[in-house]
Amino acid sequence: MRNLKIILLQFQEVIEDRSRIFVWFLLGIITPLIMILFWRGASHIPGWTSNEITSYYLLAIIINAIIMCQQEEHVGTIDIQEGGLSSYLLKPFSYFWLIFFNELAYRLLQGILGILLLVVFVGFFPGLFAFAKSPDVLFLSVIIAIVAFLLTFIFKMIIGILAFWLTETRGAFEATNVMIVIFSGLLMPLAFLPSWLEQIVSKMPFAYMIYFPVIAFEGKLTVLELWQVLFMEFFWLGICLLIYKKLWQEGIKQYTAVGQ
Amino acid sequence: MVISVSHLSKYYKVHQKEPGFVGSLKSLVSRRYFDSKAVDDVSFTINEGELIGFIGPNGAGKTTTLKCLSGLLYPTSGKVDVLGYTPFARKNVFLKQISLVMGQKNQLWWDLPASDSFLLNKEIYEISDKDYNQTLDELTTLLDVKSVLDIQVRKLSLGQRMKCELIAALLHRPRVLFLDEPTIGLDVVMQQKLRDFVKEYNKRYNATILLTSHYMKDVEQLCERVIIIDHGKVLYDGALSDIVKKYAKYKTISVVFEKEIERSKFEKLGKVIGVEGTKVLLSVPREASSKVAAKLLDTFTVEDLNIEEPNIEDIIHDVFSHHKR
């Protein structure tokens, strides 16, 4: 009887956070699904040699390290829920920019490490890397990567400030990370997805965080396509900025500065 | 007038859950919320250079009020004006003139020495080199922390850290300072040092200071005027000395007789609150206290006699418990 009561109380704790229940369920079924898609696709992907696939993953690791901002947990948990935001709000300097500069410092450090890693890879396996040769393409790829960084930053800011409304943020953060892992191309090149799914996913903002920057550096896109990627990046950047502004305006009124 | 608050209210939305497993299942489907009134129709004004004590029990609404005044919280209703600005707009010109120091939390970088956090604030508040050096020198001397500025903050003691927090909050010389429990967790010596410092800062810069504290000593030593708040409402706003007059209707006379005396002989002079051998404690109306004392001295042979004001802490405790009823 005593154990049953304790079990029921544990249930209560779990039920309290509704979003988490859903996300853990989703997490469980998603990995096997992806594996099926991957192995079905991997056997016959026109236009992808095994070298290109290898260098795709190596580049994805590096680009992910440099571009993918990770501030949402800090913003959501430490700042908004535990009240750390208060000391920023009291300062005559924008919170957004302070976090941006902080994240920029992180990404630059990661970038240095990433580039060192790249140099080591290329040194050891010179033949393995498929890399864009034309300076035009390289230049545009760098621009695409920078805008991708801005995009992930704003996107993660939006996810972070959802904590103004959510009392339990873990669910939302996990869900976002799952979406990013799958739809940004981190798990596999989006070209490996069934073409109807690829069509949809390549219009979503996630694809512009990792996938397109990576294949741009790989030299798999024409100059025209590169411009199209840039256009889409700016489109999503604009949308995300608008959403962020609106959410911040409303959210800051909800802020309770607890724990302070 | 530096601060003006009129009919300020701040409600928090709180999710209510019935206890037990069935309650949990219910909350999975639909959740009930109610408003918790942290601050409920509060009004007051504060003039430049005043040092005011804001007192009340836990959850009375003190901190919430300070947070509304410093622009952290969006008021549910009412009007707040600090230095001519609406705090919640958090304009830079406004933020550069205020500071809020909260006892438990910190703005200092944990892994770097305090001096690095000070430098960050110097840039954020756009303080000139000259002002920065002068203020930093004054503050570190006043607080006696010159030697610890280059030590990693996590290695500092609570007292040292609190002092560094204060310096970080005061580098831009705020005209209005909100102190929330500045002495919490500090030892008696450190509390006294901090009090002296707050008084000195108030005098030196003619700064307006609003301070909350659980320690009546903080308030007694620093503040001429107090605002007492409970359940989100202002119970008293006025001179600290007037609280005694207003709420303490009685004084205590403690008298030691030469030899034990029959109770009936002094019983009619006042309410007997204690008899201990030759020592007797009488509670008498304030205005009658000197008359009663004279009578005691006239009638009996007295070894010692004291007229005591009741403890201010007790009076305030009385005020709160009256309010509850």
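Which residue takes a positive phi just after α5(B)? In this predicted model, that residue is Asp144(B), with a phi of about 60°. The legends below begin with this helix.

**View 1. Helix α5 of chain B and the residue that follows.** Helix α5 of chain B covers residues 129-143. Its 15 residues should span 21 Å at 1.5 Å a residue, and the end C-alpha atoms are 21 Å apart, which agrees. Directly after α5(B) comes Asp144(B), the residue with the positive phi.

**View 2. The buried residues of α5(B).** Buried in α5(B) are Tyr132(B), Thr135(B), Leu136(B), Glu138(B), Leu139(B), Thr140(B) and Leu143(B). In an α-helix there are 3.6 residues a turn, so residues three or four places apart point the same way.

View 3. The domain assignment divides chain B into domain 1, residues 39-244, and domain 2, residues 249-308. Taken over C-alpha atoms, the centres of domain 1 and domain 2 of chain B are separated by 45 Å.

**View 4. The open antiparallel sheet of chain B.** Four strands of chain B make up an open sheet, in the order β11-β12-β10-β13, with antiparallel pairing. From one strand to the next, the twist averages 15°. Helix α11 of chain B (residues 289-299) packs on the sheet, where it touches β10 (250-257), β12 and β13 of chain B. The direction of α11(B) makes about 175° with that of β13(B).

**View 5. The hairpin of β11(B) and β12(B).** Strand β12 of chain B (residues 279-285) pairs with β11(B) in the antiparallel sense, over 5 bridges. One of the bridge partners in β12(B) is Leu281(B), which is paired with Gly274(B). The hairpin has 2 residues between the strands, and within this hairpin Gly277(B) takes a positive phi near 65°.

**View 6. The surroundings of Ile261(B).** Ile261(B) lies in the loop between β10 and α10 (263-267) of chain B. Its relative accessibility is 24%, so Ile261(B) counts as partly exposed. Leaving aside residues up to four places away in sequence, Ile261(B) touches Phe266(B) and Phe300(B). Leu282(B) is 21 residues from Ile261(B) along the chain, and 14 Å separate their C-alpha atoms.

Methods:
Residues are numbered from 1 along each chain as its sequence is written. Chains are lettered from A and ligands numbered from 1 in the order in which they are written. This is a predicted model: local features need pLDDT of at least 70, side-chain atom pairs count only at pLDDT 80 or more; totals for chains, interfaces and linings use all residues. Side-chain values use heavy atoms; hydrogens and water are left out. Two strands pair if DSSP finds at least two bridges between them. Axes are lines fitted to C-alpha atoms, for helices over the stretch in contact, and angles run from 0 to 180 degrees between N-to-C directions. Contact means heavy atoms within 4.5 Å. Domain bounds come from an automatic or database domain assignment. Buried means under 20% relative accessible area, exposed over 50%, partly exposed in between (1.4 Å probe, protein chains only). The expected span of a helix is 1.5 Å times one less than its number of residues.
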